[in-house]
Amino acid sequence: MTSRIPRDSRLRLVRPRHLAAAPAAIEQRRVRRPAPRPPEGTPAPAELAGMARSVLAAAARVARWADRALGPGGDSATADGKATLSDATARRAADALGLTVDQVCADWDTARLAGLIEVHGDSARPGWRLRAWDRDDSAVLRGWVALCDAWSLACPEPEDYEPAAVAEVVTAMPQVLSFLQLSAGPVPVPQLLDLLEQRVTELRTERCEVDYGPRPDTPAVAPEPRPAPTGDAPLRPLLDWALRALASVGALTYGDGQATLTPLGSWAVWVKLEQICVAAQSPAGNIEQGAEDMLRGCARLRPAAARAEYRAWLAARPVGSAVTELIAAARGEDALLRGLAFEALRVVGAPAEPEVRAALDEPTLRPYALLWLAEHDGVDPEDAHEVLTREEATWLWVDTAAAVADHGEAPLLLRHLETAVQPTVPALLDEVRAVGHPRTVQVLVALAAAHPDPAFAKAVRRAAFQVHTGG
């Protein structure tokens, strides 16, 4: 920024995640867990991706049609604002693709569940997985896993069953799938039904509440368990529904009174079990912490170790509540936690998009949300800063500088100075003062104290004083 500081020909914005690689990072010596290997006989990832592409081929076809026909300025994709394909659009797609309207609607729903289509209001756009369809096997597999996770939406549930009973079966099915995976072959339905009934009984027992304390003004009596809110309807129809739904998404084959996991289904169950193991062996021991404490625990980890910690933390809780916690942590006063929260949201991926998009309305979170959405849409991380306005980039520069000043060292703050988008010191100081960041004074004072050039330090201190006094 002065004649004593060499500058690159083009200055770039330092992304918040670079703070995790600060020189002050503490290397933690620990035994690294070897990379897990899938069960013997599991096809190679490329082969699994080919199977997933086959399962999702019809959905991808509808998604590509929607990309061509329902782009900006085209017809509305939906009629109810709830992502259901409108009748007119469904008929148009059926005519174009040589399918029935029912097939188009089914493929549309599959494409949405797999992340091949993203619906916003009454418009649709291709999901990032569709753009990566032909070149990225991992994107295809993750799309199929998202569909598999949503198996309960693939087929209409049986009528005359209480929602609580259906929810019990959905909750119990992972154990049934684990049993199928361990069996490594066909399993008779009666055996699966017995296992399902046992698991549902356990769930109802766990939910049963018993009041062991005497009530005021009443004699102490023996406590009576409160009954579970579900009836004793037979579970066989619900098991049949669950197996048919899982078969429809390609997770298993179901017929002749038995069920067998497909290679894709066996691999997906193994991945889920491995996630549970990762969660149980949280690398830095932050799995049981709230989002803010977890992020503080990750602040001095190297980027790869921090991402492993994020994955473990996320695997241990529902995605929706985890995203809400991370956004809440990002709203706090600690700028470092703000940057780390959005790093953790990058690990979450597509499920975090609605809340990240909603964060665009909050000035404190907007620059972070814009960068997250740009990368989510496939923009190269090195070029993502171009989506920011000059004011947003300056605000983010100050916010990142505040994080460095609070948690880093002087050399790191000086390196951050070189990343400003302004070409001169006066321009930087003018725009930093104009942007109105609440930590502007503290950042300028820290920068003046860290800089070796007396003239530069004097100018920055003067600017800090003017901001402090409102001059």
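This note goes through the predicted model above point by point, from the whole chain to single residues.

1. Basis of the values. Because the model is predicted, local features need a pLDDT of at least 70 and side-chain atom pairs count only at pLDDT 80 or more, whereas totals for chains, interfaces and linings use all residues. Residues are numbered from 1 along each chain as its sequence is written, and side-chain values use heavy atoms, with hydrogens and water left out.

2. Overall make-up. The protein chain has 21 helices and five strands, where helices (H or I, at least four residues) and strands (E, at least two) are DSSP runs numbered from the N terminus. Of its 471 residues, 45% are buried, a term that stands for under 20% relative accessible area, with exposed meaning over 50% and partly exposed in between (1.4 Å probe, protein chains only).

3. The nonpolar cores. A nonpolar core is a set of buried Ala, Val, Leu, Ile, Met, Phe, Trp, Tyr and Cys residues joined through side-chain atoms within 4.5 Å. The largest one holds 70 residues, of which Leu116, Trp144, Met173, Leu196 and Trp267 touch the most other members; its largest share, eight residues, is supplied by helix α7 (residues 163–183). A second, separate core has 68 residues, including Ala329, Ala330, Leu360 and Val435.

4. Helix α7. With 21 residues, α7 reaches 30 Å from its first C-alpha to its last, close to the 30 Å expected at 1.5 Å a residue, the expected span being 1.5 Å times one less than the number of residues. Among the buried residues of α7 are Ala172, Met173 and Val176, and just after the helix Ala184 takes a positive phi of about 55°.

5. The three-stranded sheet. An open sheet has the order β3-β5-β4 with antiparallel pairing, and two strands count as paired if DSSP finds at least two bridges between them. Since β3 (187–188) and β4 (252–255) stand at the edges with a single partner strand each, one side of each is left without a neighbour in the sheet. Between β3 and β5 (residues 258–261) there are two bridges, and Pro188 stands opposite Gln258 in β5.

6. A buried loop residue. Ala420 sits in the loop between α18 (410–417) and α19 (425–435), yet it is buried, with a relative accessible area of 0%. Its C-alpha atom is separated by 6.8 Å from that of Trp397, 23 residues apart along the chain.
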